[in-house]
Amino acid sequence: MRIDRPGLVLAALGAAAMPLPFMQFRANRIVAGEAMAMPVWAIAAACVLLAIGAFRLPQVWRLGAAAVGIGLLIWLVGDMATGLDAPPAARASPGSGLWLLLGVFALLLADAITKMRPGLRMQTAILILACAAMAIVLVSGHLADVSVMREYAARSDIFASHARRHLLLAFGSLTAALAVGVPLGIWLHRERTARPSVMGTLNLVQTLPSLALFGMMIPLLSWVAASVPGAAALGIAGIGFAPALIALFLYSLLPVVGNTVVGLDGASPEAREAGRGMGMTPWQVLSRVSIPLALPVIVAAVRIVLVQNIGLAVIAGLIGGGGFGTFVFQGLAQNAADLILLGAIPTVVMALVAGIALDLVVKALQR
Amino acid sequence: MIEIRNLSRRFGPVTAVDDVSLTIAKGEMVALVGTSGSGKTTLLRMINRLVEPTSGAVLLNGQDTAGLPAHLLRRRIGYAIQGHGLFPHYSVARNIAAVPELLGWPAAQIRERVDELLTLFGMPPADFRDRRPAALSGGQQQRVGVARALAARPEVLLMDEPFGALDPVTRAQAQADLRRIQRQLGTTTILVTHDMEEALALGDRIAVMDRGRLVQCADPATILTRPATDFVARLTGRSDRPFRLLGLLPVADLVEPGEAEGAPVDPELSAREALAECLWSGRSALPLAGGGRVTLDRLTERARGAE
Amino acid sequence: MIRLLAGAAVLVMLLRPEWMEPLLAPLTRNGAPAIYTQSSLLGLTLLHLALVAAATLASALVAVALAVLVTRRAGAEFRPLARTITQVGQTLPPVAVLALAVPMLGFGTWPTLLALFLYGMLPIFENALTALSGLPPPVAEAARAMGYTPRQRLLKIELPLALPVILAGVRLSAVIALSTAAIGSTVAARTLGEVIIAGLVTNNPAFVVQGGLLVGLIAILLSDALTVLERRVSPYGSSGTRA
């Protein structure tokens, strides 16, 4: 049997993770914890699974090994946390060994899936399956005694509203950017002379560090709220939702406008010429030929913007805009790792799912 | 001198080159012709070991090339390809200087060689030395590509469809330049082409490949008049054969004493062009500029392959 | 011209912050100070830039080395995995990466540096990989046929041709690092983000504007400078024609 060298490196990394603390147990969420190791049988099982990944076996085997490994780790974490039978204030949190092993198995999974070259339908099925598996694990309550979930239980009411707020920030800014950016892109597609100044400005905005842009929105919007009649009544204020939404909107414009222009420019000149030749009006050429041809590129911009904004919406937490950032920055302020994770993990998962799902949409459109 | 001995190359189940033997004399230009997939490019690339042979040997001046480090061997062999492969980040001069630099020539000598080659290819060094390849026309890029291949005075020049990307007018000029420069320098040259016309115009001998095998290697007239296989006959084009045969011959070779009507023609023209002139002007004989004449009968006789 | 103005504005804000007072004073309320004086702006700027420079430089060295490795024949096997890691990695929000670094690595400058370094490798690696694999086949073929050794091919042909694209990755990485480093102040890294956060915490827009303008202008100047450098090293000449 031949060795798969990348698989071997992953296996070595996984083996190196095993002596690290698998979980941390702390009497309450502030004090330092004591490390808990992985049970011996689990180490043995993980070694076997990693070994399967390190050989050139059929990719289905490697995929299966990775999936079983991830399942094993998640089951083990919940089981160990519950088995402690700890008081409510105590925290059993994932340790570095667990994170590293999870990462190794996730990479093995990704490697196997890539090498299987699944078709679009298969990829979609895998994504849905993975999301369903996550949902089942969360709903089942198996992880209820793990620190992050305890943190969640203590905040389940505001968690939902922050999640909604986060999504609203990401999707709201995207919708606004599409509504403004696509027409702007169509206009620039025709008016080449206006391009340098508009694209230059948008580029400049994109370069501004997020903290700076979010921060600068505050005095600007305070001024608007104070001086434009009715603005305050609409909920526009220096801090909160409005400045965050506007900042995200501004960041989204460059990808949307840029890709619209590139997509329209790239739409085959022969096809456009043929459209004109058969008597289409300029508007018909645009709507029936150019835009459909440019669609994959425009949807690629949607992917960029959505992933970017899901991440940047975290900053809204710093200026009272809500969203998962609220947990992240509260956690950072209180040095409470579990609270940071409560904000960061959903953000990362949302960004990953959005990225993968929209990649699939782009691929489907390109066919 | 290059000696190819029983050279074969297999790619998995496919035999790209099958037991080919061929000897090429010093200063000779051999055109390697065949359809795509006939193995001609693979054969060429085994000479500078861009492709390693499965079996057989290539001898360069009697020395087995398999024993040399590949990169040192390649520095002794010029190589020019379609699409020229010029380094876009180097000026024209540095491109030409690439192999001499690898060989560690002194800077002054390299500079002199670059200017010499640019002049030889009709590109004034002062104008072209410092340009980037992107600032040249297709024909100029091709000339720089060939100049670069010749820069270190290689013992052998290998060319793979070197003029494939050029328009017909530029291509004819490039072929004429190559013929002139190759004669002048006496560099042993092997040229791969799928264009029989090009092979006839340039090759001292033509080697025809079919499905990995060398089916015939002979001078152009023999290829045309006595094709070894049906494949060679088809490649030479049955309907073009008489004209191609005449194309190999200067009209001066067919001169006989006598007079003829009309404007005299240049004796440097090929017999093919003389035939065309006869047909077009409706004459049965043409006067030659240096005296004497050529008759339509003599031309048609030669077009049948008679001596 | 705009660059000059931006540069001048940065210099004024760094060296003579008090000159900004008349502009910033209207933003304050209840007699709060208009100029951040808790630590020197110049010092913070230098710390901020040092953090970004160290992280980006380290990212560039490691990422280019890795890209070279996986584009050699011996490393080709690692390429799909490296691609997967890069693609997934770039989907992760840099802020989240920074936040996740804290539970694992603790507070301060070092975790920030490590997070910036790891995240910063992704765009550089991706660009280097694209550029090194995008060598036009005739050029690669010509170099081989002319007797360049693999090492000479890499150093004289492949890397010089890939340089502008690699630098574009470095620019992207540096701009992200500058932005993320500012947020690093929430995990106690010493950067200009401190000024903005001080403004947010004490509800003093003057600080926010001061820090925000400074970071924003520096980001624009940095990106600009790297763009100029990119054009300089373009293989198609410095005249501005770009690949």
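Reader: Which residues make the nonpolar surface patch of chain C, and what makes them a patch?
Author: In this predicted model, Leu11(C), Leu15(C), Leu42(C) and Leu46(C) make a nonpolar surface patch of about 370 Å². Patch residues have over 30% relative accessible area and no salt bridge, with nonpolar side chains (Val, Leu, Ile, Met, Phe, Trp, Tyr) joined within 5 Å and like charges within 9 Å. Areas are Shrake-Rupley values with a 1.4 Å probe, and for residues only the protein chains shown count as cover; a salt bridge is a Lys or Arg side-chain nitrogen within 4 Å of an Asp or Glu carboxyl oxygen.

Reader: Which helices supply the patch?
Author: In chain C, α1 (2-15) and α3 (41-71) each give at least two residues to it. Helices are DSSP runs of H or I with at least four residues, strands runs of E with at least two, numbered from the N terminus.

Reader: Why is Leu46(C) called exposed?
Author: Leu46(C), in helix α3 of chain C, has 53% relative accessibility, so it counts as exposed (exposed is over 50%, buried under 20%, partly exposed in between, with a 1.4 Å probe and protein chains only).

Reader: And Arg49(B), buried or exposed?
Author: Its 11% relative accessibility makes Arg49(B) buried. Arg49(B) sits in the loop between α1 (40-47) and β4 (55-60) of chain B, and has a positive phi of about 60° although it is not a glycine.

Reader: Where does Asn335(A) lie?
Author: Asn335(A) is in the loop between α13 (325-334) and α14 (337-366) of chain A. Asn335(A) is not a glycine, yet has a positive phi of about 55°.

Reader: What makes the sheet in chain A open?
Author: Three strands form it, in the order β2-β1-β3, with antiparallel pairing. At the edges stand β2 (34-36) and β3 (91-94) of chain A, each with a single partner strand, so one side of each has no neighbour in the sheet. On average, neighbouring strands are turned by 30° against each other, direction ignored.

Reader: How do you know that β1 of chain A pairs with β2(A)?
Author: Pairing needs at least two DSSP bridges, and three join β1 (residues 23-26) of chain A to the antiparallel β2(A). Met23(A) stands opposite Met36(A) in β2(A).

Reader: How do you know which chains touch?
Author: Contact means heavy atoms within 4.5 Å. Two pairs of chains are in contact, and chains A and C share the most contacts. Chains A and B have no contact, and their closest C-alpha atoms lie 21 Å apart.

Reader: How are the residues and chains labelled, and what is counted?
Author: Residues are numbered from 1 along each chain as its sequence is written, and chains are lettered from A and ligands numbered from 1 in the order written. Local features need pLDDT of at least 70 and side-chain atom pairs pLDDT 80 or more, while totals for chains, interfaces and linings use all residues, and side-chain values use heavy atoms, leaving out hydrogens and water.

Technical notes
Axes are lines fitted to C-alpha atoms, for helices over the stretch in contact, and angles run from 0 to 180 degrees between N-to-C directions.
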